[in-house]
Amino acid sequence: MRRIVIAGNWKMYKTQAEALEFLQGFIPLISETPEDREVVLCVPFTALVSLSQSLHGSRIRLGAQNVHWEKEGAYTGEIAAPMLTEVGVRYVIVGHSERRQYFGETDETVNLRLKAAQAAELTPILCVGETKQQRDAGETESVIFNQLAKDLVDVDQTNLIIAYEPIWAIGTGDTCESVEANRVIGLIRKQLTNPDVPIQYGGSVKPDNIDEIMAQPEIDGALVGGASLQPASFARIVNFQ
Ligand code: PGA
């Protein structure tokens, strides 16, 4: 059975105080959300501890935005899986296009991070997607299949979420047509050994397009950036019709 997973990716937004303020506004808005929807917040490292303490008894699950492959070591600026699980983190985004584009993340390091996350019983959310240039050149499928082939070597597909995020749709307001997102996600599923891996769409998901996106048969959820920063807009997304 495929699960529905709606995850917010706060990126480099919100202090601890702002994160707690969000929570106060958000929790009452999801009291009627159907039980079968997993609700995840992937927040900056500094907000993890205070959110984790405030989430007790709530259905919201906590996610981080990166994880290193070693358990500890001389890796300035990185974070290890045991540091995340200790504070109640259950999910972690791996291979987001912003990490690949600005911080030198490669398919090889993505693969190492995925395996380390799983070894610590974190559920990784693996991001894949093509640039505008690659799409225009007709390379969408080959780019994504190549990412999947490299990223998923020796990765356990029973504890995995994938997010299809066309890079040209991220933060641009330029959403991928839901039918096209559905088509690509169907192709991604065909590359997997476990057809039940939840596959999300990400890229300018908003309250006014979530219903259409979630109506697509192959799409199991969303990874939401900008629209996850306000309680009302993220709640409307989580409460899609
Ligand atoms: P966006 O970001 O919703 O702001 O486009 C999505 C993401 O980067 O995960």
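Is Glu130 buried or exposed, and what is its relative accessible area? Glu130 is buried, with a value of 0%; buried stands for under 20% relative accessible area, exposed for over 50% and partly exposed for what lies in between, computed with a 1.4 Å probe on protein chains only.

The model is predicted: local features need pLDDT of at least 70, side-chain atom pairs count only at pLDDT 80 or more, and totals for chains, interfaces and linings use all residues. Residues are numbered from 1 along each chain as its sequence is written, and side-chain values use heavy atoms, with hydrogens and water left out.

Over the whole structure, the search gives 16 salt bridges, a salt bridge being a side-chain nitrogen of Lys or Arg within 4 Å of a carboxyl oxygen of Asp or Glu. Three of these pairs are tabulated here.

| Pair | N to O distance |
|---|---|
| Glu78 and Arg113 | 2.8 Å |
| Arg100 and Asp107 | 2.8 Å |
| Glu130 and Arg135 | 2.7 Å |

Glu78 and Arg113 form a salt bridge. Glu78 is in the loop between β3 (60–64) and α3 (81–86), and Arg113 is in helix α5 (residues 107–119), so the pair ties together parts 35 residues apart in sequence. Helices (H or I, at least four residues) and strands (E, at least two) are DSSP runs numbered from the N terminus. Glu78 is partly exposed at 29% relative accessible area, while Arg113 is buried at 5%.

In the Arg100 and Asp107 pair, both residues are buried. Arg135, the partner of Glu130, is partly exposed at 22%. Glu130 and Arg135 also belong to a network of salt bridges that includes Glu141, Glu180 and Arg183.
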